[in-house]
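This briefing is meant to be read alongside the sequence and the coordinates.

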Amino acid sequence: MLGYKKIICGFISFNILIGCIFGAINVKKVFADTVNGDVNCDGMISLDDVIKMRRYFLSQSNLSSSGLINADIDNNGKVNVLDMILTTKILLEYDEKLASLDMPDPLKDEKKCKIAYLINQKRLERGLTTAILDTKLSYVADIRASELAIVFQLARPDGRPYRSLLSEYRLYELSTYQYIMEDYRTAQDIVDGITEGEAFLDDCYKKMGIGFYRNSSDYCVIFFTS
């Protein structure tokens with residue numbers, strides 16, 4: 001985390017110089033819905049937004065009209081280095097909030113442990129290493145399962161890919177896979193269901209996250225990541 005903050009601070013220092021050289025870019029507020037700091041308009045705030053703004057000041061990249069509006073953090077109608085600093089502040093505060101989340105230990109959940117055990121048995125039968133039942137990934141899987149109650153589909157309810165949820169929680173993985181299920185009965189039913197595709201039987205996957213949500217139906221999500 002310390003190294004991550006050093007990168008952020010480096011961007012701030014560099015962009016103070018850029019702001020002095022290039023000045024401010026005028027922006028007119030014309031949209032009601034804005035996401036302050038979401039410069040690349042991907043629905044979240046991340047280091048990519050800071051990089052995008054830096055490249056914009058260097059004339060190495062363009063911002064969309066929505067991106068310019070989101071970049072105007074202080075709402076003064078201009079995009080300048082102060083907005084860069086405020087974007088960075090939002091980013092660091094968000095990461096601190098994520099770090100303080102009280103995430104339940106999936107190893108204390110009997111059903112999740114049973115599913116993880118059955119999955120790893122399948123992997124061992126294929127000569128693969130076992131996958132770790134990850135706390136943060138399971139927490140995010142619970143959130144993803146609740147989204148299935150809104151609309152049962154591979155994409156999120158707003159149409160964004162499921163990977164956007166992983167990115168929101170700073171889970172940047174080279175390889176990911178998502179299984180979604182509805183109206184299962186037992187842990188064995190779930191494992192039998194994902195075995196049909198056998199995508200999880202790939203040694204690139206080292207971690208798994210298992211999530212549940214229940215309202216009028218039972219929903220389950222299993223993430224595999226590298």
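The points below are grouped by topic, after a short note on the basis of the values.

The model is predicted, so local features are reported only at a pLDDT of at least 70 and side-chain atom pairs count only at pLDDT 80 or more, whereas totals for chains, interfaces and linings use all residues. Residues are numbered from 1 along each chain as its sequence is written, and side-chain values use heavy atoms, with hydrogens and water left out.

**Overall architecture**

- The protein chain contains 8 helices and 6 strands, where helices (H or I, at least four residues) and strands (E, at least two) are DSSP runs numbered from the N terminus.
- Along the sequence these elements follow the pattern α-β-α-α-β-α-α-β-α-α-β-α-β-β.
- Of the 226 residues in the protein chain, 44% are buried; buried means under 20% relative accessible area, exposed over 50%, and partly exposed in between, with a 1.4 Å probe and protein chains only.
- The protein chain exposes about 11,800 Å², of which carbon and sulfur atoms supply 53%; accessible areas come from the Shrake-Rupley method with a 1.4 Å probe, and for residues only the protein chains shown count as cover.
- Among contacts in the protein chain with a separation of 6 or more, 71% are between residues 24 or more positions apart, a contact being heavy atoms within 4.5 Å.

**The sheet and its helices**

- An open sheet of 4 strands, with mixed pairing, runs in the order β3-β5-β6-β4; two strands pair if DSSP finds at least two bridges between them.
- Because β3 (132-133) and β4 (176-182) stand at the edges with a single partner strand each, one side of each is left without a neighbour in the sheet.
- Strand β5 (residues 207-214) pairs with strand β6 (residues 218-225) in the antiparallel sense over 8 bridges, and Arg-214 stands opposite Asp-218 in β6.
- Helix α5 (residues 110-125) packs on the sheet, where it touches β3, β5 and β6, and its direction makes about 140° with that of β5; axes are lines fitted to C-alpha atoms, for helices over the stretch in contact, and angles run from 0 to 180 degrees between N-to-C directions.
- Helix α8 (residues 187-195) also packs on the sheet, touching β4, β5 and β6, with its direction at about 50° to that of β6.
- β4 and β6 pair in the antiparallel sense over 7 bridges, with Thr-176 opposite Thr-225 in β6.
- β4 is mostly covered, since 5 of its 7 residues are buried.

**Nonpolar cores**

- In the largest nonpolar core, which has 23 residues, Ile-115, Ile-119, Ile-210, Ile-222 and Phe-224 touch the most other members; such a core is a set of buried Ala, Val, Leu, Ile, Met, Phe, Trp, Tyr and Cys residues joined through side-chain atoms within 4.5 Å.
- The elements giving two or more residues to this core are α5, β4, α8, β5 and β6.
- Another core, of 15 residues, lies apart from it and includes Tyr-162, Leu-171, Tyr-219 and Phe-223.
- Leaving aside residues up to four places away in sequence, Ile-119 touches Val-191, Ile-194, Phe-200, Met-208, Ile-222 and Phe-224.

**Salt bridges**

- The structure holds 13 salt bridges, each defined as a side-chain nitrogen of Lys or Arg within 4 Å of a carboxyl oxygen of Asp or Glu.
- Arg-156 forms one of them with Glu-168, the closest N and O atoms being 3.0 Å apart; Arg-156 lies in the loop between α6 (135-148) and α7 (163-168) and Glu-168 in helix α7, so the pair ties together parts 12 residues apart in sequence.
- Arg-156 is buried at 6% relative accessibility, and Glu-168 is buried at 13%.
- Lys-207 forms a salt bridge with Glu-173, with the closest N and O atoms 3.1 Å apart, and this pair links distant parts of the chain, Lys-207 being in strand β5 and Glu-173 in the loop between α7 and β4, 34 residues apart.
- Lys-207 is partly exposed, with a relative accessible area of 22%, and Glu-173 is partly exposed, at 24%.
- In the salt bridge between Lys-206 and Asp-203, the closest N and O atoms are 3.9 Å apart.
- Salt bridges that share partners join Arg-144, Glu-147, Arg-156, Asp-158, Arg-160 and Glu-168 into one network.
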